[in-house]
Structure formats: structure tokens, C-alpha cells
Amino acid sequence: MVNYRHTRVPGGTYFFTLTLQDRRSDLLIREVALLRELISQVRQARPFHILAAVVMPEHLHMVWRLPVGDADYPERWRAIKAGFSRRLKLPGSPWQRRCWEHCIRNAHDLARHVDYIHYNPVKHGLVARAVDWRYSSMHRYIARGEMSADWGCAPVVMASGRFGD
């Protein structure tokens, strides 16, 4: 059996990808209100800050910052995923068992992951302009003046030049 190693940094900032088992599904955008409600409930019980997010039809990406001294993101995700399945009264979990996580190393790494999140709907051909995807934190960034509405309208080079360096 594979022994997965997870980086646990108390108070850390993490990039996550969670995916549904059925990669052709649109369940997450059909049930986005429920997903938001469950995330809010979990945040009330076990606080964390969402720095960036995008909900796609069958997967989602988020960047979270955990409170100082707290590294327990797995329990938060378990509660969100279980609550989602339970509230939809599904016979089993629609989620893949594991999620992808990456501990953000520095401001440069954070900027690359935030760009990746906001450009994801364009990358997947769902919209021509990133601003046109309604299930994205990009709209918050625009409202705060941290990003322009025309960002992501054409092929872009991520903040680092290449994703994953």
C-alpha cells in the first residue's frame, strides 16, 4: 500500500485540488450553493481563510491559510466532503478519496497558484475571459483593485513564467 506523505505546517498556506470521481459531471456548479454553505459552516467551526478559489464543474481549487498553530486541513476537507454527500443523499461519495495539496512556500509561489486558480476556467475552455466565470474569487480581487477585469482574456504567462517551478 502506498504511504502518502502530507506536509503539515501549523498556520501554513496551502493550495488544494479536489476532484469528483466522475470527471464528466457538473455536480459542483449545479450544487455550488450547497458547497458554499458547507464551507461556511466548517469555517465557523474550524476557522481558516480562503485566499483564492475556483469551482469548476467536476473539480475545485482553493488556497487556504490556516490559523497559527493549526495544521489540520484534512479534517476540514473531510467535513466538507462528507456534508456535501450527506446533504445530497448520494448513495456513496462523489469525491475522489484523496485531494492534491501543496504547501505554499513564499509570496512568489502564492502568486503563481492564485493565477493558476483564476485562469483555470479559460484553460479548460469554459470561458474565453477569466472574468466571465462566476464561480471564482477573481471577482473579489477585481473589487479590491488587485486585478483588472481584462486579466486572463488572452493567453497569459503566470506570475512566475511557468507553473510548478
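Q: Among contacts in the protein chain between residues at least 6 apart in sequence, what share joins residues at least 24 apart?
A: That share is 71%, where a contact means heavy atoms within 4.5 Å. One thing to keep in mind: this is a predicted model, where local features need pLDDT of at least 70 and side-chain atom pairs count only at pLDDT 80 or more, while totals for chains, interfaces and linings use all residues. Residues are numbered from 1 along each chain as its sequence is written, and side-chain values use heavy atoms, with hydrogens and water left out.

Q: Thanks! How many helices and strands are there in the protein chain?
A: The chain has 5 helices and 4 strands, in the order β-α-α-β-β-α-β-α-α along the sequence. Both are DSSP runs numbered from the N terminus: helices are H or I with at least four residues, strands are E with at least two.

Q: And what percentage of the residues is buried?
A: Of the 165 residues, 47% are buried. Buried means under 20% relative accessible area, exposed means over 50%, and partly exposed is in between, using a 1.4 Å probe and protein chains only.

Q: Which residues touch the most other members in the largest nonpolar core?
A: L35, W64 and W77 do, in a core of 48 residues. Such a core is a set of buried Ala, Val, Leu, Ile, Met, Phe, Trp, Tyr and Cys residues joined through side-chain atoms within 4.5 Å. Elements giving two or more residues to this core include β1 (13-19), α2 (32-45), β3 (59-65) and α3 (73-87).

Q: Nice. What does W64 touch, leaving out residues up to four places away in sequence?
A: Its partners are G12, T13, Y14, F16, F48, H49, I50, Y73, R76, W77 and I80.

Q: What caps the N-terminal end of α3?
A: D72 does, with a side-chain oxygen 3.2 Å from the backbone nitrogen of E75. After α3 comes K89, with a positive phi near 55°.

Q: Moving on to α4: where does that helix bend?
A: α4 bends by about 35° at I117, and P121, a proline, follows within four residues. The bend is the angle between axes fitted to the seven residues ending at a residue and the seven starting there.

Q: Is α4 largely enclosed or largely open?
A: It is largely enclosed by the rest of the structure, because 12 of its 17 residues are buried. Those buried residues pack against β1, β2, β3, β4 and α5.

Q: Which residue caps the N-terminal end of α4?
A: N106 caps it, through a side-chain oxygen 3.1 Å from the backbone nitrogen of H108. G125 follows α4 and has a positive phi near 75°.

Q: What about H118, buried or exposed?
A: H118 lies in α4 and is buried, at 0% relative accessibility. Its side chain reaches the backbone nitrogen of M138 at 3.2 Å. Leaving out residues up to four places away in sequence, H118 touches A52, A53, A130, S136, S137, M138, Y141, M147 and W151.

Q: Last one: how many disulfides does the count come to?
A: The count is 0, a disulfide being a pair of cysteine sulfur atoms within 2.5 Å. As for cysteines, C99 is partly exposed at 23% relative accessible area, and C153 is partly exposed at 33%.

Definitions and conventions
Polar contact = N/O pair within 3.5 Å; in protein donor to acceptor, adjacent residues only side chain to side chain.
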